Structures are given as structure tokens and as C-alpha cells.
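Please look through the sequence and the model shown below, and then read the report that follows.

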Amino acid sequence: MIKYALFARLEAKPGKESDVEKFLEAGLGMARDEKTTPIWFALRLSPTTFGVFDAFENEAARQAHLTGPIAQALMAKAPELFAAPPSIEPIEVLGLKNTAASS
């Protein structure tokens, strides 16, 4: 059961919004390669604020994601792309409905 999740809030530096969008689009490919990350969303919350929501079946998968390729790329690009360090919050999924197929 999907119960463990993360939400990352990302604030783009002025003029870096399209670079953040491209970075998140590239993150989708990495997320597809993570077998223990069944749910991954890249989000645009406002013109300059972005987010990533991902969810996992257990705490071990969540921790593996936090040390995996996506997290490493995020932290490597943070000084270039973001106005502040990414805010990454562990969250608990209380309910889930998903009837859509992935693209």
C-alpha cells in the first residue's frame, strides 16, 4: 500500500523558470527508472514555484529515493536553478485513488 511520500517545493531563481521546467522533465526519465518509486509528479505551483510529489510503498523505498539519482541531481543543480535550497518534506498518504494510466 502506498503510504509514504515526499513533497519538494522549489523556487526558481529569476530567469531560470524554463531551466527548472526542463530539469523536472528530465527527472521524469530518472523516476521511470526507479523501480521503488511508483508515483512521481512534477508540478508547477506558480510562475516561479515548482514542486515534486512522489510516493512509495515503504520507508526503505522513500529513503532510497532520497539518496538516489534524482535527489543527487536536484542537489547538484540547486545553486544554479533555485533561489533557496529545496524544501523536502516527508508526508504520509492517508488515501489514494489512481485510475489513470501513466504516460
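## A buried arginine

Arg62 counts as buried because its relative accessibility is 9%, where buried means under 20% relative accessible area, exposed over 50% and partly exposed in between, with a 1.4 Å probe and protein chains only. Arg62 lies in helix α2, residues 59-66, helices being DSSP runs of H or I with at least four residues and strands runs of E with at least two, numbered from the N terminus. Leaving out residues up to four places away in sequence, Arg62 touches Tyr4, Ala5, Leu6, Phe56, Pro90 and Ile91, and contact means heavy atoms within 4.5 Å.

## How the model is read

This is a predicted model, in which local features need pLDDT of at least 70 and side-chain atom pairs count only at pLDDT 80 or more, while totals for chains, interfaces and linings use all residues. Residues are numbered from 1 along each chain as its sequence is written, and side-chain values use heavy atoms, with hydrogens and water left out.

## The nonpolar cores

A nonpolar core is a set of buried Ala, Val, Leu, Ile, Met, Phe, Trp, Tyr and Cys residues joined through side-chain atoms within 4.5 Å. The largest one has 15 residues, of which Leu10, Val20, Leu24, Phe50, Val52 and Phe82 touch the most other members. At least two residues of this core come from each of β1 (4-11), α1, β3 (49-56) and α3.

Beyond its neighbours within four places in sequence, Leu24 is in contact with Leu10, Trp40, Ala42, Leu43, Phe50, Gly51 and Val52.
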